[in-house]
Every structure is written in C-alpha cells, then in structure tokens.
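Dear colleague,

I am handing over the structure we spoke about, and I would be glad if you could look through it with the notes that follow. My findings come after it, grouped by region.

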Amino acid sequence: MKRLILCGLLTIAVPAIAAAETWIAVCTDGQNLQYNQSVGGNGFLYLKGKDQSTGGLQMARLEQTFFNGTAICGTVPGNGTGSAATGGHPVTQLCANRSRNIIYIKYKHPTEDRPFTDTVVCDARVDVR
C-alpha cells in the first residue's frame, strides 16, 4: 500500500516539477539587463557588456517574492525585510511584467507602512518557457 501511495505521489510530482516555468525578460531599449526567474524557484540578474556575443555576467541570485501569472518578482537574499508593521516585505524587488513588456523595481519603505512604489527600468521582451 505504501508503494502504491508513493508511486501515485511521484506521478503527480514529476510533471509538476518538469512544468516549472522560467520567465526571461531582456531589455529592448538599449539597456544591457536580463532577468530570469523560475516560478517557485531561483532567479538571476545578468548585465551584458558592449560585446553582446559573450552573453552576460551573472550579477545576483534572486528568490521569488511575487507571482500572479502576469508579473513575477524576486529579491536578492539578505536584501532585508521591513518591520512587522509593514508586513515584512523585502525592501526592493526586481520584477517582469509580460502584459506591459517591462522590467521594473518595486520598493517598500523598510520601517514605515507606505504603499509599494515602482519604477520602470526598461522596456523588455518577456518570454515564458
């Protein structure tokens, strides 16, 4: 019976793991920035040099903080979180929005209960794979 339950759980888990989406957002307005984020997993921030053929330099690892199907966000581990009064949100989050085709930064004041503010970093091509 235990084997049957284990096999059933593996049958469900393996496709879910294989189906994890990765969002890839690349600036299209001349800025040399790329943000990759796996749903439920790690993300990476890349900066590209003048010679685009070399790919890019990995600048930071990110942890997913937000996902709603239209936008995804991540923050650098250890970025800090606000006080309990502000909900303990990370101070800054890097985000990609596929309906607006942008990469943007969300900011939450670390100690005061203010709303999030956001700033567009660049226009971007956002692909989901």
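**Aromatic pairs**

Phe 44 is partly exposed, with a relative accessible area of 24%, where partly exposed is the range between buried (under 20% relative accessible area) and exposed (over 50%), using a 1.4 Å probe and protein chains only. Before going further, please note that this is a predicted model, in which local features need pLDDT of at least 70 and side-chain atom pairs count only at pLDDT 80 or more, while totals for chains, interfaces and linings use all residues. Residues are numbered from 1 along each chain as its sequence is written, and side-chain values use heavy atoms, with hydrogens and water left out.

The search of the whole structure finds 2 aromatic pairs, a pair being two rings of Phe, Tyr or Trp (its six-membered ring) whose centres lie within 6.5 Å, with planes under 30 degrees apart counted as stacked, over 60 as edge-to-face and the rest as tilted. Trp 23 and Phe 67 form an edge-to-face pair, at 5.7 Å centre to centre and with 90° between the planes. This pair links distant parts of the chain, since Trp 23 is in strand E1 (residues 22-27) and Phe 67 is in strand E4 (residues 57-67), 44 residues apart. Trp 23 is buried at a relative accessible area of 1%, whereas Phe 67 is partly exposed at 33%. Phe 44 and Tyr 46 form a tilted pair, with 6.4 Å between the centres and 40° between the planes.

**Overall make-up**

The protein has 1 helix and 8 strands, both taken as DSSP runs numbered from the N terminus (helices are H or I with at least four residues, strands are E with at least two). Along the sequence they follow the pattern α-β-β-β-β-β-β-β-β. Of the 129 residues, 29% are buried. The accessible surface comes to about 7,900 Å², and 58% of that belongs to carbon and sulfur atoms; the areas come from the Shrake-Rupley method with a 1.4 Å probe.

**Strand E6 and its partners**

In strand E6 (residues 92-97), 5 of the 6 residues are buried, and the strand is thus mostly covered. Strand E5 (residues 71-75) pairs with E6 in the antiparallel sense over 4 bridges, pairing being called when DSSP finds at least two bridges between two strands, and Gly 74 stands opposite Leu 94 in E6. E6 also pairs with strand E7 (residues 102-107) in the antiparallel sense, over 6 bridges, and here Ala 96 stands opposite Ile 103 in E7.

E6 and E7 form a hairpin with 4 residues between them. Asn 101, in the loop between E6 and E7, has a phi near 55°, a positive value in a residue other than glycine. Most residues other than glycine have a negative phi. Asn 101 is partly exposed, at 36% relative accessibility.

**Lysines over Phe 116**

Which residue lies over the face of Phe 116 at 4.7 Å from the ring centre? That residue is Lys 106, and Lys 108 also lies over the face of Phe 116, at 5.3 Å from the ring centre; the criterion asks for NZ of Lys or CZ of Arg within 6 Å of the ring centre and within 35 degrees of the ring normal. Lys 108 lies in the loop between E7 and strand E8 (117-128) and counts as buried, at 7% relative accessibility. A polar atom of the Lys 108 side chain lies 2.4 Å from the backbone oxygen of Arg 114.

With best regards

Key: A polar contact is a pair of N or O atoms within 3.5 Å; within protein, one must be able to donate a hydrogen and the other to accept it, and residues adjacent in sequence count only if both atoms are side-chain atoms.
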